[in-house]
Amino acid sequence: MKTLRIATRKSPLALWQSEHVAALLRAAHPGLTVELVPMSTRGDEVLDRSLAAIGGKGLFLKELELAMQRGDADCAVHSLKDVPMVLEPGFALAAILQRADPADAFVSNRHANIDALPQGAVVGTSSLRRQAQLRARRPDLDLRDLRGNVNTRLSKLDAGDYDAIVLACAGLQRLGFDARIRSRLTAPHWLPAPAQGAIAIECRDDDAATQSLCAALDHADTRTCVEAERAMNRALHGSCHVPVAALAQLDGMHLHLIGLVGSASEGRVVRAHAQGRGDAPECLGLEVAEKLLAQGARELIGAVDQ
């Protein structure tokens, strides 16, 4: 293969991630030409409703997968946290890159952290996971939806629409907005989305040539951690309708996983953690999911389903 075509969304962050993958592929395979195929997805176009209301994060993938099926692209680059727990038939994750900072970022022009916000402050986020954790910590806050790309969200904060917003550290850092991070929201007190900070390359599962090229970028330790997080989420039937958070960390041969399920409307959260072998991430994910269910996660998930 002389030319590899990467399907990508058109947002600044998606383009940055795809250019980053393209540069790594060119470095790994001298002589390979890599081209971007920018596309618009329904998830990018419908901004007046929450993702949960219009069909979930899979909307960011559908058009890119269709492009691969038509033969218009060889692979697609995604933020792994946006990739459904079960891929559409015919697709595989050929590589998961080394993870960037998985933490969430508290961003505000006037306040240093969540605890410094005044009573009833307006905080912007459309993530049910972030809303659940904010409500658990500060039930007095006025939480309002905030969709759009990173630049759009920052401009709405700067316009005074919000006292603070919550974004992913990795996205801000990749776009050169490190200085906008007032404080990092870190484990164990605050948990990110499963696989947050990791970039994945998806391709057709029958395309051995593309899988072989992309495999050079796979980071084994990151794959181990995100497999545990995604297995936990899958066992909980987690989607963007259910506030689920997880973070796995590898310490030598030992894998630690902490998980959370919450209620965005009530601010109730249940937490669980476990330690297992690094070569069995899916087992650890299932163990933590079972602990969460035993602590009442099923009731929280059932309330969302209704």
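Two strands count as paired when DSSP finds at least two bridges between them. Helices (H or I, at least four residues) and strands (E, at least two) are DSSP runs numbered from the N terminus. This is a predicted model, in which local features need pLDDT of at least 70 and side-chain atom pairs count only at pLDDT 80 or more, while totals for chains, interfaces and linings use all residues. Residues are numbered from 1 along each chain as its sequence is written, and side-chain values use heavy atoms, with hydrogens and water left out.

**View 1. A five-stranded open sheet with mixed pairing.** Reading across the sheet, the strand order is S7-S6-S8-S5-S9. Strands S7 (142-144) and S9 (183-185) are at the edges, and each has a single partner strand, so one side of each is left without a neighbour in the sheet. From one strand to the next, the twist averages 30° (axes are lines fitted to C-alpha atoms, for helices over the stretch in contact, and angles run from 0 to 180 degrees between N-to-C directions).

**View 2. The parallel pair S6 and S7, and the helices on the sheet.** Look for the three bridges that join S6 (residues 122-124) to S7; valine 122 has aspartate 142 in S7 as its bridge partner. Helix H5 (residues 128-137) packs on the sheet, touching S5 (104-107), S6, S7 and S8 (164-168), and its direction makes about 130° with that of S8; contact means heavy atoms within 4.5 Å. Helix H6 (residues 150-158) lies across S5 and S8, at about 165° to S8.

**View 3. The two sides of helix H4 (residues 62-70).** Leu64, Glu65, Ala67 and Met68 are the buried residues here (buried means under 20% relative accessible area, exposed over 50%, partly exposed in between, with a 1.4 Å probe and protein chains only). They cover an arc of only 155° around the axis, which puts them on the same side of H4; the arc is that of the directions from the helix axis to the C-beta atoms. Gln69 and Arg70 are exposed on the other side. Strands covering the buried residues include S1 (3-9), S2 (33-39) and S10 (199-204). Glycine 71, with a positive phi near 90°, follows H4.

**View 4. The largest nonpolar core, with 21 residues.** Such a core is a set of buried Ala, Val, Leu, Ile, Met, Phe, Trp, Tyr and Cys residues joined through side-chain atoms within 4.5 Å. Met232, Leu236, Leu257, Val261, Val288 and Leu292 touch the most other members. Helix H10 (281-305) is one of the elements giving two or more residues, and H10 gives the most, with seven. Apart from this core lies another, of 18 residues, among them Val21, Val77, Ile199 and Leu213.
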